[in-house]
Amino acid sequence: MTSSPELRVAEAAARAGGAVLLERLHAGADLEVGYKDARANLVTAADRESQRAVTATILATFPQHLVNGEEGTAGNPGSGHVWYVDPLDGTTNYAHGIPFFCVSVALRAHGRTVAGAVYDPLHDELYAAAAEGGATLNGAPLRVSPVTRLDRALVVAQAQTVDAGQIRAYARLVERLMSVTGGVRSLGSPALTLCAIAAGRLEAYCEYAMDAWDIAAGQLILERAGGRLTLFDGRPHQSADRADVVASNSRVHQELITALKELT
């Protein structure tokens, strides 16, 4: 399948960031761990170095575009082409040696996501999709799982916060999901979780306050694999605004939305 120039750059950028993450891990160098809040939201030197590698790859081909990353912005602020980058999605996992993290790169052009790549460097798994094509994992087509019942679905719910109100909301969400699903997990990487649903490894995912760099690439990959991502009330999520989101293999989506109504 022929890919677009934008998708090829997204893939190359994600791989470039992933190479930095692996190099840092194998070198055993000091990660220079810092915190964006009191205790939950980590940032490391690997985040910053990965973002530099991703940004350089993108702007080498598209110098007039804007890169909007979790660790900063670069490029043309007035561009209608915006790359949303999480250079290390799953920083806490990475810092603790838990093998579930990735690099997420998505291009939105004039309000629409047109290309996305998510790279898991430890397992050398590259998830990718373009708006006009299917979703792939290392070039092979992806499809969501055939599970149709919510009580047979494996669901991810997670939160990264020190805010007491948000912690209570997460506890209510987990309690509700454990009452109606086949199981609940917290994996620590939104982008890679969305790709796992696209690959048929999970059925659904719920999280509050997600930014575009967390989910834009994963949403496109999931949707092109046959899945859905919406707001908690079932309305489409089509913007780059922060949002509370529910994602699934499509088949359990309406039942899941109904189950979550009492929380909205």
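How many disulfides does a search of the whole structure find? It finds zero. A disulfide here is a pair of cysteine sulfur atoms within 2.5 Å. The views below show a predicted model, in which local features need pLDDT of at least 70, side-chain atom pairs count only at pLDDT 80 or more, and totals for chains, interfaces and linings use all residues. Residues are numbered from 1 along each chain as its sequence is written, and side-chain values use heavy atoms, with hydrogens and water left out.

View 1. A disulfide is a covalent bond between the sulfur atoms of two cysteines. Cys102 is in no disulfide, and its nearest cysteine sulfur, in Cys195, is 6.8 Å away. Cys102 counts as buried because its relative accessibility is 0%. Cys195 also has 0% relative accessibility, so it counts as buried. Buried means under 20% relative accessible area, exposed over 50%, and partly exposed in between (1.4 Å probe, protein chains only).

**View 2. Helices H5 and H6 pack together.** H5 covers residues 190-198 and H6 covers residues 212-224. Helices (H or I, at least four residues) and strands (E, at least two) are DSSP runs, numbered from the N terminus. The axes of H5 and H6 are 8 Å apart, at an angle of about 5°. Axes are lines fitted to C-alpha atoms, for helices over the stretch in contact; angles run from 0 to 180 degrees between N-to-C directions. H5 and H6 are therefore roughly parallel to each other. Angles under 35 degrees count as roughly parallel, over 145 as roughly antiparallel, 65 to 115 as roughly perpendicular and the rest as oblique. H5 brings Pro190, Ala191, Leu194, Cys195, Ile197 and Ala198 to the contact, and H6 brings Asp214, Ile215, Gly218, Gln219, Ile221 and Leu222. Contact means heavy atoms within 4.5 Å. The residues of this contact divide into nine nonpolar, two polar and one charged. Ala, Val, Leu, Ile, Met, Phe, Trp, Tyr, Cys and Pro count as nonpolar; Asp, Glu, Lys and Arg count as charged; the others, Gly among them, count as polar.

**View 3. Eight strands form an open sheet.** Their order is S4-S3-S5-S6-S7-S8-S9-S10, and the pairing is mixed. Two strands pair if DSSP finds at least two bridges between them. Strands S4 (72-75) and S10 (140-141) stand at the edges with a single partner strand each, so one side of each has no neighbour in the sheet. H6 packs on this sheet, touching S3, S5 (81-89), S6 (102-109), S7 (112-120), S8 (125-130) and S9 (135-137). The direction of H6 makes about 100° with that of S7.

**View 4. Strand S3 has both faces covered.** Leu66 and Asn68 lie on one side, Val67 and Gly69 on the other, and all are buried. S3 (residues 66-69) runs antiparallel to S4, joined by four bridges. Asn68 has Thr73 of S4 as its bridge partner. A hairpin of two residues links S3 to S4. S3 also pairs with S5, in the parallel sense and over four bridges. There, Leu66 has Val82 of S5 as its bridge partner.

**View 5. His65 lies in the loop between helix H2 (45-61) and S3.** His65 is buried, because its relative accessible area is 10%. Leaving aside neighbours within four places in sequence, its contacts are Leu59, Ala74, Gly75, Asn76, Ser79, His81, Trp83 and Leu107.

**View 6. Five strands form an open sheet.** The order is S12-S11-S13-S15-S14, with mixed pairing. Strands S12 (183-185) and S14 (228-231) are at the edges, and each pairs on one side only. From one strand to the next, the twist averages 20°. S11 (residues 154-157) and S12 run parallel, joined by three bridges. Val155 stands opposite Val184 in S12.

**View 7. Ala14 sits in helix H1.** Ala14 is buried, with a relative accessible area of 0%. Beyond neighbours within four places in sequence, Ala14 is in contact with Val103, Val105, Ala117, Tyr119 and Leu126.
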